[in-house]
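Here is a short briefing to read alongside the structure. Please take a look at the fold first, then follow the topics below.

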Amino acid sequence: MNATSKNPGHAHEDAAHTAEDPAHLERLRVLVENAIADGKLTFEEMAEIRDALMADGKLTLEEMELVRDVMRQKLGDAPLEFERPSF
């Protein structure tokens, strides 16, 4: 498997990004903010967040902290609702 086929389902993602990449972290922040804006997280939104987190094949502490911090800022003490997939 070569470097270009490492992540074929996510060609639009920059597979070479690092967790320290400010552009990656900003995209992740916006993705999470948009996903939880209504206080609900759909199966599709969860998949998008997971794909963004794992685009480079690893999950970093910095990425996890960013997701946690955004959720706290946007939701406070309010619970996040999870919508079941509609297959």
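About 6,000 Å² of accessible surface is computed for the protein chain, and carbon and sulfur atoms account for 55% of that area. Please keep in mind that this is a predicted model. The mean pLDDT of the protein chain is 82, with 76% of its residues at 70 or more. Residues 1-16 have a pLDDT below 50, and this stretch makes 10 contacts in the model beyond near neighbours in sequence.

**Overall layout**

- The protein chain contains three helices and two strands.
- Reading from the N terminus, the order of these elements is α-β-α-α-β.
- The protein chain has 87 residues, and 31% of them count as buried.
- Taking the contacts between residues at least 6 apart in sequence, 75% connect residues at least 24 apart.

**Helix α3: length and faces**

- How far apart are the end C-alpha atoms of helix α3? They lie 21 Å from each other, which agrees with the span of 21 Å that 15 residues should give at 1.5 Å a residue. The helix covers residues 61-75.
- The buried residues of α3 are E63, L66, V67, V70 and L75. These residues sit on the same side of α3, because they cover an arc of only 130° around the axis.
- Just after α3 comes G76, whose phi is positive, at about 60°.

**Salt bridges**

- How many salt bridges does a search of the whole structure find? The search finds two.
- One of them joins the side chains of R50 and D51, with an N to O distance of 3.4 Å.
- R50 has a relative accessibility of 48%, so it counts as partly exposed. D51 is also partly exposed, because its relative accessible area is 26%. Both values fall between the 20% limit for buried and the 50% limit for exposed.
- R68 forms a salt bridge with D69, and their closest N and O atoms are 3.2 Å apart.
- R68 has a relative accessible area of 38% and is therefore partly exposed. D69 is at 30% relative accessibility, so it counts as partly exposed as well.

**A look at M46**

- M46 belongs to helix α2.
- Is M46 buried, exposed or partly exposed? Its relative accessible area is 30%, so M46 is partly exposed.
- Leaving aside residues up to four places away in sequence, M46 touches L41, F82 and E83.
- M46 and I36 are separated by 10 residues in sequence, and their C-alpha atoms are 9.9 Å apart in space.

Note on methods
Residues are numbered from 1 along each chain as its sequence is written. This is a predicted model: local features need pLDDT of at least 70, side-chain atom pairs count only at pLDDT 80 or more; totals for chains, interfaces and linings use all residues. Side-chain values use heavy atoms; hydrogens and water are left out. Helices (H or I, at least four residues) and strands (E, at least two) are DSSP runs, numbered from the N terminus. The expected span of a helix is 1.5 Å times one less than its number of residues. Buried means under 20% relative accessible area, exposed over 50%, partly exposed in between (1.4 Å probe, protein chains only). The arc is that of the directions from the helix axis to the C-beta atoms. A salt bridge is a side-chain nitrogen of Lys or Arg within 4 Å of a carboxyl oxygen of Asp or Glu. Contact means heavy atoms within 4.5 Å. Accessible areas come from the Shrake-Rupley method with a 1.4 Å probe; for residues, only the protein chains shown count as cover. pLDDT is the predictor's confidence in each residue, from 0 to 100.
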